[in-house]
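Work through the exercises below with the sequence and the model at hand. Each task is followed by a stepwise solution.

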Amino acid sequence: MNEKEKNKTQIYSVKEGVIANIAIGSSDTFISPFFITLKISSFGLGLLSAISNIIGPIFQIIGSYLMKNKPRKEIIIKSVLFQSISYFLLGILTVLIFLKLEINIYWLILIFSMYVGLGSLGGPAWISLIGDIIEKEKLGQFFAFRNSIGIIASTLAGVLTGLFLDSLKLFFKEFILLGFAFIFLFTSILHFLRIFYFNKHYEPEFKIEPENYFSFISFIKKLPKTNFGRFVIITSLISFAVNISGPYYNLYIFRDLQFSYIQFLILNIVVSLASFFTFSIWGKIIDHYGSVDVLRASSFLISLVPLLWFFTIFIDNNYLIFIFLIPVHIIAGIGWGGYGLATTSFLYTAVSRPKRHLCSAYSSLIAGFCTLVGAFLGSALIEIFKFILPFNSIMFVSVISGILRFIFSFMLLFLVKEPLEIRKSLFEAIKRDIIKIENFIVDFVKISIYEINPFKIISRYRKKRK
């Protein structure tokens with residue numbers, strides 16, 4: 001009975017993921033363009049990225065401790081309900097701005113940050129629940145399939161949203177904010193629909209022992225001494241490097257390159273499709289060879305991307321820049337697809353089930369802090385160097401980001417190893433494959449010797465003559 005319920009829950013999880021990705025494609029993808037439409041500064045854009053990235057992990061920790069006394073499904077459902085309410089408020093405030101009411105832009109940043117935080121509240125419970133539903137050896141393929149279907153949904157939603165916004169921009173420019181408000185209210189409904197599928201999830205019995213809870217300070221003290229701890233340190237440093245430039249590419253695209261929403265959308269679709277077509281490959285590699293090698297390979301790909309962005313300063317024509325950025329975004333999609341799957345898979349294999357939710361929350365908090373520092377550093381460098389450099393200062397921080405990403409990715413080669421349990425299973429799998437190959441070679445040689453045996457050939461020839 002449990003296996004049947006688990007299989008149903010996997011299907012419900014995929015369906016819920018489709019709705020969640022439609023919401024992401026419709027609204028989350030266009031949050032930066034929305035704020036850029038409101039004439040946000042580079043500091044404000046950095047603040048948007050920084051606050052939402054630090055508040056998420058804080059709520060994750062709260063969610064981890066809620067699991068002591070609350071059922072996991074209840075935490076997840078309330079988390080999604082709060083997300084729905086957040087987008088509803090964002091939509092209503094956007095309508096009020098359209099009606100010329102004075103609303104401070106930082107209130108909008110706060111509401112979106114709360115959307116991220118309240119969504120993260122259910123993160124540890126979801127990680128724990130899915131970890132009990134999916135068999136460990138099938139995690140890579142399940143997440144690859146779920147993410148692939150989600151990307152299709154997100155891409156289609158993004159296409160429709162981009163066409164809608166571009167049409168407004170071309171023919172009814174004064175209604176563009178009303179268009180954003182409609183999208184946010186629609187997204188609020190989508191998040192509400194997700195609750196229906198979470199209600200149908202099967203929740204295996206789960207009990208947390210007091211010894212499985214540990215303080216954030218004790219977690220930090222052990223970081224350099226454990227394999228998972230070194231993984232957290234390096235991936236957090238990569239987050240720091242990524243966010244030195246990451247939040248500002250959209251500002252560069254819309255303000256400096258004057259791209260349309262459709263061009264912006266096409267680049268996002270390219271990333272999504274590149275991830276989609278490689279998810280299953282990454283997933284199979286993770287299931288067969290572990291997550292660390294995929295983590296290393298994909299981290300080098302995402303390190304290459306910001307260095308390629310820098311070459312846009314040498315291209316005069318914005319249309320040619322757009323064409324040049326398409327293969328750059330293909331590399332980004334392949335890299336981020338593998339990186340996301342590998343980090344998720346590593347958490348499930350490196351951390352025991354009872355401690356997984358708390359380790360996820362603590363590691364997210366460290367990564368969030370690094371994101372905060374990276375975003376503010378990037379913003380400061382952009383402002384300092386914009387009057388000094390003969391080229392765009394956003395591309396200057398892009399180079400810094402790329403160099404740092406390479407340095408931190410290189411550390412993965414030496415400091416992070418595949419979890420011991422996975423290494424043993426991989427060794428056994430390789431051993432079985434070698435035995436199969438040996439048997440195949442032996443059989444092949446036997447058959448070959450039998451077939452090319454001269455006496456056998458003469459015997460066949462005589463039978464044919466007769």
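The model is predicted.

**Exercise 1.** Determine which helix contributes the largest share of the nonpolar surface patch, and classify Leu-81 as buried, partly exposed or exposed.

Solution.
- Step 1: The patch consists of Leu-81, Phe-82, Ile-85, Phe-88, Leu-89, Ile-92 and Phe-192, and together they have about 600 Å² of accessible area.
- Step 2: Helix H4 (residues 72-98) supplies the largest share, 6 residues; Leu-81 is found in this helix.
- Step 3: The relative accessibility of Leu-81 is 31%, so Leu-81 counts as partly exposed.

**Exercise 2.** Classify the ring pair formed by Tyr-87 and Tyr-115.

Solution.
- Step 1: The count of aromatic pairs in the model comes to 27.
- Step 2: For Tyr-87 and Tyr-115 the ring centres are 4.6 Å apart and the planes stand at 65°, so this pair is edge-to-face.
- Step 3: Tyr-87 is in helix H4 and Tyr-115 in helix H5 (residues 105-121), so the pair links distant parts of the chain, 28 residues apart.
- Step 4: Both tyrosines, Tyr-87 and Tyr-115, are buried.
- Step 5: Tyr-87 and Tyr-115 also belong to one aromatic cluster, with Phe-34, Phe-35, Phe-112, Phe-180 and Phe-184.

**Exercise 3.** Classify the pair of Phe-310 and Phe-391, and state which parts of the chain this pair ties together.

Solution.
- Step 1: The rings lie 5.5 Å centre to centre with 85° between the planes, an edge-to-face aromatic pair.
- Step 2: Phe-310 lies in helix H13 (residues 292-310), while Phe-391 lies in the loop between helix H15 (353-385) and helix H16 (393-415); the pair therefore ties together parts 81 residues apart in sequence.
- Step 3: Phe-310 has a relative accessible area of 17% and is buried, whereas Phe-391, with 26%, is partly exposed.

Notes:
Residues numbered from 1 in each chain as written. Predicted model: local features only at pLDDT ≥ 70, side-chain atom pairs only at ≥ 80, totals over all residues. Heavy atoms only, no water. Patch = residues over 30% accessible without salt bridge, like charges linked within 9 Å, V, L, I, M, F, W, Y side chains within 5 Å. Areas by Shrake-Rupley, 256 points an atom, 1.4 Å probe, with all protein chains shown as cover. Salt bridge = Lys/Arg side-chain N within 4 Å of Asp/Glu carboxyl O. Helix = DSSP H or I, 4+ residues; strand = E, 2+ residues; numbered from the N terminus. Buried < 20%, exposed > 50% of the residue type's maximum accessible area, 1.4 Å probe, protein only. Phe/Tyr/Trp six-rings, centres within 6.5 Å; stacked < 30°, edge-to-face > 60°.
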